[in-house]
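Subject: Structure handover

Hello,

Here is the structure I promised to pass on. Please open it and keep it beside you while you read. My notes follow below.

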Amino acid sequence: MASVFSLHPSTFLSPLKTTKLRTKFQTLHSSQKPFLISSLKFKQLDPKIPRQVQTFWNWLCDEGVVSIKTPVKPAIVPEGLGLVAKKDIAKGETVLGVPRRLWINTDTVAKSEIGNLCTGLEPWISIALFLIREKWKDDSKWKYFIDVLPESTDSTIYWSEEELSEIQGTQLLSTTLSVKDYVQNEFQKVEDEVILGNKQLFPFRITLDDFFWAFGILRSRAFSRAGIQNLMLVPFADLANHSAKVTTEDHIHEVDGPAGLFSWDLLLSFQSPLKLKAGDQFLIQYGLKKSNADMAIGYGFIEPGSARDTFTLTLEISKHDDFYKDKLDIAESNGLGETSDFDIKLGQSLPPALFPYLRLVALGGTDASLLESFSRKAVWDHLELPVSRANEELICKIVRDACKSALSGYHTTTEEDAKLMKEGNLSSRLQIAVGVRAGEKVVLQQIDNIFREREWKLDELEYHQEKRLKDLDQAKVRNS
Ligand SMILES: C[S@@+](CC[C@H](N)C(=O)[O-])C[C@H]1O[C@@H](n2cnc3c(N)ncnc32)[C@H](O)[C@@H]1O
């Protein structure tokens, strides 16, 4: 693949740019000198910026995506590349707008040479193939954008065996391995069904590493408005880094607006969620609901602190359960299934459906009569309250055993993790490993504590059977 690295930014003159420059010199003589000088100056980034970033910025200028008025510019920041305010920016002020013609989404792929081949593929897979192909092409429209994309991130999908051993026993490890399996299987399928039979469109070797690269790029930088169907890569906008200081998610919009010198288009537009001073970094929120494990897999970093510490309890109605069909029916009538995931977050109350589902899973013996006595909805309402001492004791045991088993799978103790974090100086990947494993353990301990306390109170709780007898007695008294 040819590269633009050998060209000095000031010698990078596409035909279009030459024309523009000439026009500018003409206007220079017609008294617009200040505009020309400042517009050339605004193109210059910090001299320490890598040359390909300067070239990318020049391209954005030529495409009319940025102008002298654009209040942010690319810069080197602790998170890699980022966007920095050129002037003070008010909260809510528009900082950038990238026109649709530069987005890479399924529409872009559909209109490309591989459009027909990609019909029916998962959106991310078609965009991944497109991206790999554009990276290989010498004359890609997105060449200067692709040249500034990283080769990898600290996402756990790129970790070595040794690095992965640091997250032994964690849910992060099992999710990472499932994601890697998924990507590998999808690659094998697309290689057999699309790539190998279409050598004229893919005249170069596409490896599993290429596919992982594209997957990682999409996971860490693509925007998706309403789920995976609207996945899109947006040059320039994808330079915005994340900050926990941003506590809203409504700063990205699609609006109609000017998209160059003479054109109008749909723009992906960013409003600043924070008030910024000149020189501050423009930051956004990547997703308030994401756990640290989601952040580690998707973006290759975690948030310090405990706000994103999560453990997912997965419960299942056994197929061998005598009441399997009834139980499944009740779960499904209430939006759950044979297997249900409950995300438990540190310091937050348990998900409301956890107790009814647990009681349902554990329901047996004489308590099972509950399944036949009421409508599906009414059974669930009953499950909101303790059913019987035996049932409540069993759910505590199920959960506490699961916590104990999970806690025994980690290869470090909470104290060892705390010591490592206190000492500092960890590599970025070890920081993620220690942060996630410590976070999972503390949530597991929190869950175990809740159910231990519940065990202590088993004698004080009011159970469904007793309540029913009490209600019957009260009714008798009223009727006598
Ligand atoms: C959308 S890109 C942002 C631009 C990116 N910094 C770059 O150099 O191209 C997302 C990536 O930026 C980095 N990043 C963003 N926010 C971060 C943060 N708060 N801490 C650490 N890394 C961050 C991660 O590598 C992440 O995968």
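First, a definition for the helix packing: axes are lines fitted to C-alpha atoms, for helices over the stretch in contact, and angles run from 0 to 180 degrees between N-to-C directions. Helices (H or I, at least four residues) and strands (E, at least two) are DSSP runs, numbered from the N terminus.

Two notes on the source. This is a predicted model, in which local features need pLDDT of at least 70 and side-chain atom pairs count only at pLDDT 80 or more, while totals for chains, interfaces and linings use all residues. Residues are numbered from 1 along each chain as its sequence is written.

**Helices around α10**

Two packed helices are described by the angle between their axes and the distance between the axes. Start with helix α6, residues 123-136. Its axis and that of α10 come within 9 Å and cross at roughly 115 degrees. The crossing of α6 past α10 is right-handed. (A crossing is left-handed if the near helix is turned anticlockwise from the far one by less than a right angle, and right-handed if clockwise.)

Which residues in α6 meet α10? They are W124, I127, A128, L131 and I132. On the α10 side stand D210, F211, A214, F215, I217 and L218. Contact here requires C-beta atoms, placed from the backbone, within 7 Å. By class, the residues of this contact of α6 with α10 are 10 nonpolar, no polar and one charged. (Ala, Val, Leu, Ile, Met, Phe, Trp, Tyr, Cys and Pro count as nonpolar; Asp, Glu, Lys and Arg as charged; the others, Gly among them, as polar.)

Helix α9 (residues 171-195) also packs on α10 (residues 208-221). The angle is about 120 degrees, and the axes are 10 Å apart. That makes α9 oblique to α10. (Angles under 35 degrees count as roughly parallel, over 145 as roughly antiparallel, 65 to 115 as roughly perpendicular and the rest as oblique.) This crossing of α9 past α10 is right-handed. From α9, V183, Q184 and F187 meet L208, F211, F212 and F215 in α10. The residues of this contact of α9 with α10 are six nonpolar, one polar and no charged.

Helix α12 (residues 324-333) packs with helix α15 (residues 376-383). Their angle is about 85 degrees, with the axes 9 Å apart. That makes α12 roughly perpendicular to α15. D329, I330 and S333 in α12 meet R376, K377, V379 and W380 in α15. This contact of α12 with α15 has three nonpolar, one polar and three charged residues.

**The four-stranded sheet**

An open sheet of four strands runs in the order β1-β2-β9-β6, with mixed pairing. β1 and β6 stand at the edges, each with a single partner strand, so one side of each is left without a neighbour in the sheet. (Two strands pair if DSSP finds at least two bridges between them.)

- β1 (residues 72-77) and β2 (residues 80-85) run antiparallel, joined by six bridges. A hairpin of two residues links β1 to β2. V77 has G80 in β2 as its bridge partner.
- β2 and β9 (residues 281-284) pair in the antiparallel sense over two bridges. L83 is partnered by F282 in β9.
- β6 and β9 run parallel, joined by two bridges. H242 is partnered by I284 in β9.

**The three-stranded sheet**

What is the strand order in the other open sheet? It is β3-β8-β7, with antiparallel pairing. β3 (94-99) and β7 (252-258) stand at the edges, each with a single partner strand, so one side of each is left without a neighbour in the sheet. The twist averages 40 degrees from one strand to the next.

Seven bridges join β7 to β8 (residues 264-271). V255 stands opposite L267 in β8, and I252 stands opposite F270. β3 and β8 pair over five bridges. V98 has L268 in β8 as its bridge partner.

**The ligand**

There are 16 residues around the ligand, and G80, L81, S220, N241 and F301 come nearest. (A residue is near a molecule or strand if its C-beta atom, placed from the backbone, lies within 6 Å of it.) β2, α10 and β6 (241-242) each supply at least two residues of this shell. β2 gives the most, with three residues. By class, the shell around the ligand has five nonpolar, eight polar and three charged residues.

Best wishes

Notes: Two residues are in contact if their C-beta atoms, placed from the backbone, lie within 7 Å.
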